[in-house]
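Here are my notes for when you open the file. Have a look at the model first, then go through the points below.

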Amino acid sequence: MLARQHLLSEEEVGAGFCLPQQCRVTAHIMENWEPHLNAQPPSRRCQDLRMLHRKVSVNASSRVPEDSPGHSILQHDMPDDEDPNCEDAKKKKLSHCPAAHPSCLFLGKARTVISVNDWESWFCQFLGVPIPALGPFWKEQRVCACGRHVIDEYGDHVHACKQHTSSTKSAHETILDAVQALCHQAGLSTERRNIPTVKKQNGKTGQGDLVIKGANIGGDTNLIIDVALIHEFGGNHMVDVSLNGKLRHAQPDKLLESAARTKVRRYREAYATRAGVTYAFLPCVMSTSGRIHGEFLRFLYILAHRRTKRWFEQLGYEPSEEAFKFRRGQYFWHTRAAIGHATALAVARRARVAEHALRRNRPRLHTQDDLLYPPTAPVAF
Ligand SMILES: [Zn+2]
C-alpha cells in the first residue's frame, strides 16, 4: 500500500484508499492494546501526576466579568477577532501539554544546557518517584532550616518552604529569563532593574518582576509582569501533617487561578492608579508539573503572533493568511516549549538542598556518654 500511495488518483484518496496518519494509528493502538489498557500507575502520586500532565485548554478570548475567575485583561489584545456572542464550543481555544516541551528541538538561545543532576531531579519529579539527591537527607531524617519539617524525598517540603529562598530565587530567575528572551524575539524591549514599586494592601512596598515597554497589552502602554511557580502537592501542612505529599486541590487549575488572583489583588489596582507613569499588570503563573495559567498562555500566544508579524516584516513579504497562521503555529509551539523547558530547569533547581542549610541533627540519647559530652556546669559527686 505504501508503494502504491503516490499512484492513487484523487477519487481514490477522497474515498479513503490511502494510509491513515501516524497519529491515528498510534491512537488506535493505545485504545486497544491490552498491556496498555491494563497498565496502572504504580502509586497514587504517579496517578495524580498523570492527571496533571493532561492537556490544558482555555478560550483564547475570555469575556468573563472582572471580578469572576477566568477574567482576562488580554481579551481586546487577542489577534483574531471573535464574535463576542460566539457559542462556547465554537470559540477558539489555546492548548498546552505539560509534557510536550522535550519534543521541541528548535529553542536556539532560549534553551539552557541542563546538567545530569538537574535532568535526574526533574525527570523523577515528573514521574512521581523519589529524587535520588534527596534520598540521604530523608534517610537521616534531616530537619529543614525552618525547623518544622523533615526533608522528604519527593521534594514537596522544599518546594513549599519559604526558607529555601536562594534556590527558589534561582528557579524564579530561570523562568523570568525565558519570558524576557521571548519578549525580545517578539520585538519588545524589557527592563529588569529599577522596577517601579507600589504600596500593597498590607502597607508594605512591592514590585513586579519585569517591565515590558510600549507593549500596548492589557489596556496600557507599558506592562509589568510577575512570575510565580506554584507546587501542586502539599509540603508545609502543620495541623494535619498527613496532607503533606498529597494533591492540594482536586482541580489543579483552581490553584493557578488563585495564585494569579492573589497577585492581581496585590498589584493591578496599585499599578493602574499610581502617580506618574501607570502600568498594566499581568501575573504569569506556572506550576511545577508544567501547567500554564490561562492568562499566561494567552500572553504567550500574543508574543508568538507579534514574532510572526515581525518576521514577515523583516522579510519584506506579505504572507497569505494560511502562511501566516502556519508560521504563527510553529512560533507558538516554540514559545510554549521554551517556557516548559525553563520550568523544568526551575523545578530541578528548586529541589536542590544544600547540606549547610539544614539543621544539625541532635545526637540520639544512647550516644550521650558522660565522657563524650561532659557537662559544662560543675557537678557535685
Ligand atoms: Zn522548611
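Which residues does His237 touch, not counting residues up to four places away in sequence?

1. The answer is Leu243 and Asn244. Contact here means that the C-beta atoms, placed from the backbone, lie within 7 Å.

2. Some housekeeping: this is a predicted model, where local features need pLDDT of at least 70, side-chain atom pairs count only at pLDDT 80 or more, and totals for chains, interfaces and linings use all residues. Residues are numbered from 1 along each chain as its sequence is written.

3. Back to His237, which sits in the loop between strand 7 and helix 9. Helices (H or I, at least four residues) and strands (E, at least two) are DSSP runs, numbered from the N terminus. His237 counts as partly exposed because it has 18 C-beta neighbours inside 10 Å; on this scale 20 or more is buried, 12 or fewer is exposed, and partly exposed is in between. Glu140 is 97 residues from His237 along the chain, and their C-alpha atoms are 21 Å apart.

4. Now the sheet: it is open, with 4 strands in the order 3-6-7-8 and mixed pairing. Pairing requires at least two DSSP bridges between two strands. Strand 3 (189-191) and strand 8 (280-287) are the edges, each pairing on one side only. From one strand to the next, the twist averages 30 degrees.

5. Helix 9 (residues 252-272) packs on this sheet, touching strand 7 (223-230) and strand 8. Its direction makes about 155 degrees with that of strand 8, using axes fitted to C-alpha atoms (for helices, over the stretch in contact) and angles from 0 to 180 degrees between N-to-C directions.

6. Strand 3 pairs with strand 6 (residues 210-213) in the antiparallel sense over 3 bridges. Ser189 has Lys213 in strand 6 as its bridge partner.

Conventions. Two residues are in contact if their C-beta atoms, placed from the backbone, lie within 7 Å.
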